[in-house]
Amino acid sequence: MMTPWLHFSGGDYLIFKTWQPESKGAIAGACIGLVVFCILERWIAALRRQMEIQWGSRALALILKEKRDPSDIQNDDKAKDAISSDEIDVIEEALTSRQTTPVTVRNRQRTVPPFIPMNDIPRGIFHGVQSLFSYVLMLAVMTFNASYVISIILGLAIGEVVFGRIGRLGGGRV
């Protein structure tokens, strides 16, 4: 029977029916596992943020390639390098060195970026994995075991300290 309030006792099912820590050592092991799981979740979030920056620069490079001047045809190798490069600095250089006009579709400015399978399919996979991690953590919290809740909060905090600055555009971009 599940205890419907915060408690430190064992016997709650954690994710799987076979994972039911009852002894203090088993609960401690489950807590360590949850901390590691939370740190991994924060790493995946940081990796996704970093990839979002790279995917955005790649999409911008493709839009710039579509709208480049006919006089830039001899610089085709330079445009290919900008598209294949994952460096944001290359895109920023292209933006500052070239006057661009907004991409229009049917006389309207584009508000939705183009669908790029090599960007959008991995983005969907990342989102699915992050959702899976979030739901697993939610299920662990729903056991009302206070040691699990404390471990999850501690693991998320440690993961954010370690990986939180990665992929931040404001002041955290390294």
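Residues are numbered from 1 along each chain as its sequence is written, and side-chain values use heavy atoms, with hydrogens and water left out. Because the model is predicted, local features need pLDDT of at least 70 and side-chain atom pairs count only at pLDDT 80 or more, whereas totals for chains, interfaces and linings use all residues.

The secondary structure consists of 5 helices and 2 strands, where helices (H or I, at least four residues) and strands (E, at least two) are DSSP runs numbered from the N terminus. Along the sequence the order of elements is α-α-α-β-β-α-α. Of the 174 residues, 34% count as buried; buried means under 20% relative accessible area, exposed over 50% and partly exposed in between, with a 1.4 Å probe and protein chains only. Contacts are defined by heavy atoms within 4.5 Å. Among contacts between residues at least 6 apart in sequence, 74% join residues at least 24 apart.

Helix H1 spans residues 24-66 and helix H5 spans residues 146-163. Their axes come within 7 Å and cross at roughly 35°; axes are lines fitted to C-alpha atoms, for helices over the stretch in contact, and angles run from 0 to 180 degrees between N-to-C directions. By class, the contact has 14 nonpolar, 4 polar and 4 charged residues. In this classification Ala, Val, Leu, Ile, Met, Phe, Trp, Tyr, Cys and Pro are nonpolar, Asp, Glu, Lys and Arg are charged, and the others, Gly among them, are polar.

The axes of H4 and H5 come within 8 Å and cross at roughly 145°. Here Leu 137, Ala 140 and Val 141 of H4 meet Tyr 148, Val 149, Ile 152 and Leu 156 of H5. The residues of this contact comprise 7 nonpolar, no polar and no charged.

The largest nonpolar core has 10 residues, among them Leu 14, Ile 27, Leu 137, Ala 140 and Tyr 148. Such a core is a set of buried Ala, Val, Leu, Ile, Met, Phe, Trp, Tyr and Cys residues joined through side-chain atoms within 4.5 Å. H1, H4 (117-141) and H5 each give two or more residues to this core, and H1 gives the most, with 5. Ile 27, in H1, is buried at a relative accessible area of 9%. The C-alpha atoms of Ile 27 and Tyr 148 are separated by 8.4 Å, although the two residues lie 121 residues apart along the chain. Beyond neighbours within four places in sequence, the contacts of Ala 140 are Leu 14, Ile 15, Leu 34, Tyr 148 and Ile 152.

The chain has 2 aromatic pairs, for which the centres of Phe, Tyr or Trp rings (the six-membered ring of Trp) lie within 6.5 Å; planes under 30 degrees apart are stacked, over 60 edge-to-face and the rest tilted. Phe 37 and Phe 133 form a stacked pair, with 4.4 Å centre to centre and 5° between the planes. This pair joins H1 to H4 across 96 residues of sequence. Phe 37 is partly exposed, at 23% relative accessible area, whereas Phe 133 is buried, at 10%.
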